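Colleague: I'm new to this one. Can you walk me through the model?

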Amino acid sequence: MIACHAGPISAVPTPASRTRARSSQGGLAGDQVAGLTGATYRNRDTGVLQALALRHLFLFIGADPNAEWARECVATDERGFVLTGTTALPLQTNRPGVFAIGDVRAGSTKRVAAAVGEGAAVVSQIHQHLAALAADP
Ligand SMILES: Cc1cc2nc3c(=O)[nH]c(=O)nc-3n(C[C@H](O)[C@H](O)[C@H](O)COP(=O)(O)OP(=O)(O)OC[C@H]3O[C@@H](n4cnc5c(N)ncnc54)[C@H](O)[C@@H]3O)c2cc1C
């Protein structure tokens, strides 16, 4: 998604903003004196390249999980994020001993601090899993 602000940022909270969904950025126009003056964007459905005068640009890039390789091993949701939480250990996948943390995990918060926190939390869950294995090999 590309969201463009045609007016100065001081116009917030009622900016003249326009959103261009399903678009990829084509190029930016401007210089060091004038700053940003315009952009071109391409509609991904039609392929048409269009120009837009603007002063500010917000890009929301999004993210897709790179977990195709894991789909044969663990359950994923319809978007390819790894499912967890079907066992007593919340970060464990449907395959015992395989855990998922961070952005690749379905339902995760998709923030750095959350990913780091899950990395810390998973350690004790791995210990619990190993302890259970040791008790009942
Ligand atoms: C554009 C953008 C802006 C963001 N802005 C913010 C923000 O302002 N604040 C915030 O808190 N969060 C932000 N996030 C989210 C934040 O980046 C993530 O939540 C965080 O990086 C998740 O950490 P992670 O370790 O789970 O995944 P990642 O940081 O994505 O790390 C995964 C790593 O695994 C590697 N990898 C992937 N596949 C394989 C493979 N098959 N083999 C080996 N290595 C592999 C990748 O190269 C990468 O290094 C932003 C994300 C994006 C995309």
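Modeller: Here is a short tour, from the overall pattern to single residues. This is a predicted model, where local features need pLDDT of at least 70, side-chain atom pairs count only at pLDDT 80 or more, and totals for chains, interfaces and linings use all residues. Residues are numbered from 1 along each chain as its sequence is written.

Colleague: How many helices and strands are in the chain?

Modeller: One helix and six strands. Along the sequence the pattern reads β-β-β-β-β-β-α. Helices (H or I, at least four residues) and strands (E, at least two) are DSSP runs, numbered from the N terminus.

Colleague: Which strands form an open sheet?

Modeller: Three of them, in the order S3-S4-S5, with antiparallel pairing. Strands pair if DSSP finds at least two bridges between them.

Colleague: How many bridges join S4 to S5?

Modeller: Five, with S4 covering residues 35–43. Alanine 39 has leucine 52 in S5 as its bridge partner.

Colleague: New topic. What share of the chain is buried?

Modeller: Buried residues are 13% of the 137 residues. Buried means 20 or more other C-beta atoms within 10 Å of a residue's own, exposed means 12 or fewer, and partly exposed is in between; C-beta atoms are placed from the backbone.

Colleague: Which residues make up the largest nonpolar core?

Modeller: Seven: Val82, Leu89, Leu91, Phe99, Ala100, Ile101 and Val122. A nonpolar core is a set of buried Ala, Val, Leu, Ile, Met, Phe, Trp, Tyr and Cys residues joined through C-beta atoms within 7 Å.

Colleague: What is valine 122 in contact with, leaving aside neighbours within four places in sequence?

Modeller: Leu91, Phe99 and Ile101. Contact means C-beta atoms, placed from the backbone, within 7 Å.

Colleague: And where is lysine 110?

Modeller: Lysine 110 sits in the loop between strand S6 (56–59) and helix H1 (112–135). Its phi is positive, about 60 degrees, although it is not a glycine.

Colleague: Is lysine 110 buried or partly exposed?

Modeller: Partly exposed, with 13 other C-beta atoms within 10 Å.

Key: Contact = placed C-beta atoms within 7 Å.
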